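Thank you all for coming; I would like to take a few minutes to walk through one structure with you. Please have the sequence and the model open while I speak.

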Amino acid sequence: MDVLSRMIDANANRCREGVRALEDVARFALDDAAACAEAKAIRHDLRAALDALPVARSALVGARDTSGDVGTAVTTGGERSRSGLADIAAAGAARAGEALRVIEESAKTLGADGSPFEALRYRVYELERAVVGSLLARAPQWALCVIVSRDLCAGREPEDVVGEAIDGGADCIQVREKTLGGRAFAEIARRVVAAARPRGVAVIVNDRADVALAAGADGVHLGQGDLSVADARRVLGAGAIVGVSTTSMTEARSAVDA
């Protein structure tokens, strides 16, 4: 019992620490009230699930032996390095998920129901998706975004126009072709990406997530009749930039929520 109590207590602390890392990233980096609320709810529900185990809270705390825990001195190189907020959030989620799995298995050993901890683990996975996905998909604040199309280029090659636009201060190029088929659109988008990428300039494709993917663009800008944000993310992944045209506050709020 003492061994199980130590395992449950250590992993409960580990889970709370990991979820708190996710919560603070959502709070201070994303201003995401919903993610913050879910993180708080997970920590609250963890406490309730622990209280339902056939082990008193005092026994869990009493089994704690930090100074005698040989695992506190075991580290890896990866634990000492984080490249940014997305890494912090992902590491916190991994820590929480692994801890919940240990508690779940320990609960079963005690003859208790492990399913509340399993459910919490799935909620942590979803919280990670929301927080890390938002971090990876955040667009920079560009100084100047220039829209390029065959018509706007007036007979000149798009990549030549893009080069001059970048010389003039553009740090984002948006490729828009309303009448071209996918193959021709993708070819133009690839040429624009080839001209912009070496100079550190972002490329956004209008309307077509498939063309953005094929051309290796940074993201897609969607109209109200195009794919939903969720479907565009399924095509492009969490790291892509997704913009949405809106004509009302209702549409703008829906885009933000998506």
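Let me begin with a crossover: strand 3, helix 9 (residues 209–215) and strand 4 together make a right-handed β-α-β unit. Before I go further, please keep in mind that what we are looking at is a predicted model.

Which residues cover the two faces of strand 3? On one side we find Ala 202, Ile 204 and Asn 206, on the other Val 203 and Val 205, and all of them are buried, which leaves both faces covered.

Turning to the neighbours, strand 2 (residues 172–175) pairs with strand 3 in the parallel sense over four bridges, and within that pairing Cys 172 stands opposite Ala 202, while Gln 174 stands opposite Ile 204. Towards strand 4 (residues 219–222), strand 3 is joined by three bridges, and these two strands also run parallel; here Ile 204 stands opposite Gly 219.

If we now step back to the sheet as a whole, five strands form an open sheet in the order 1-2-3-4-5, with parallel pairing. Strand 1 (145–148) and strand 5 (241–244) stand at the edges, and because each has a single partner strand, one side of each is left without a neighbour in the sheet. From one strand to the next, the twist averages 25°.

How do helix 4 and helix 5 cross? The axes of helix 4 (residues 85–109) and helix 5 (residues 115–136) come within 9 Å and cross at roughly 175°; since an angle over 145 degrees counts as roughly antiparallel, helix 4 is roughly antiparallel to helix 5. From helix 4, the residues making this contact include Leu 85, Ala 89, Ala 93, Gly 97, Leu 100 and Arg 101, and from helix 5 they include Phe 117, Leu 120, Arg 121, Val 124, Glu 128 and Val 131.

Finally, a word on backbone torsions. Asp 31, however, has a phi near 50°, which is a positive value in a residue other than glycine; Asp 31 lies in the loop between helix 1 (2–28) and helix 2 (33–51), and at 67% relative accessibility it counts as exposed. Ala 154 likewise has a positive phi, near 50°, is found in the loop between helix 6 (150–153) and helix 7 (158–167), and is exposed, with a relative accessible area of 66%.

Methods: Residues numbered from 1 in each chain as written. Predicted model: local features only at pLDDT ≥ 70, side-chain atom pairs only at ≥ 80, totals over all residues. Heavy atoms only, no water. Axes fitted to C-alpha atoms, helices over the stretch in contact; angles between N-to-C directions. Parallel < 35°, antiparallel > 145°, perpendicular 65-115°, else oblique. Contact = heavy atoms within 4.5 Å. Buried < 20%, exposed > 50% of the residue type's maximum accessible area, 1.4 Å probe, protein only. Pairing = 2+ DSSP bridges. Right-handed = clockwise from strand over helix to strand, strands pointing away.
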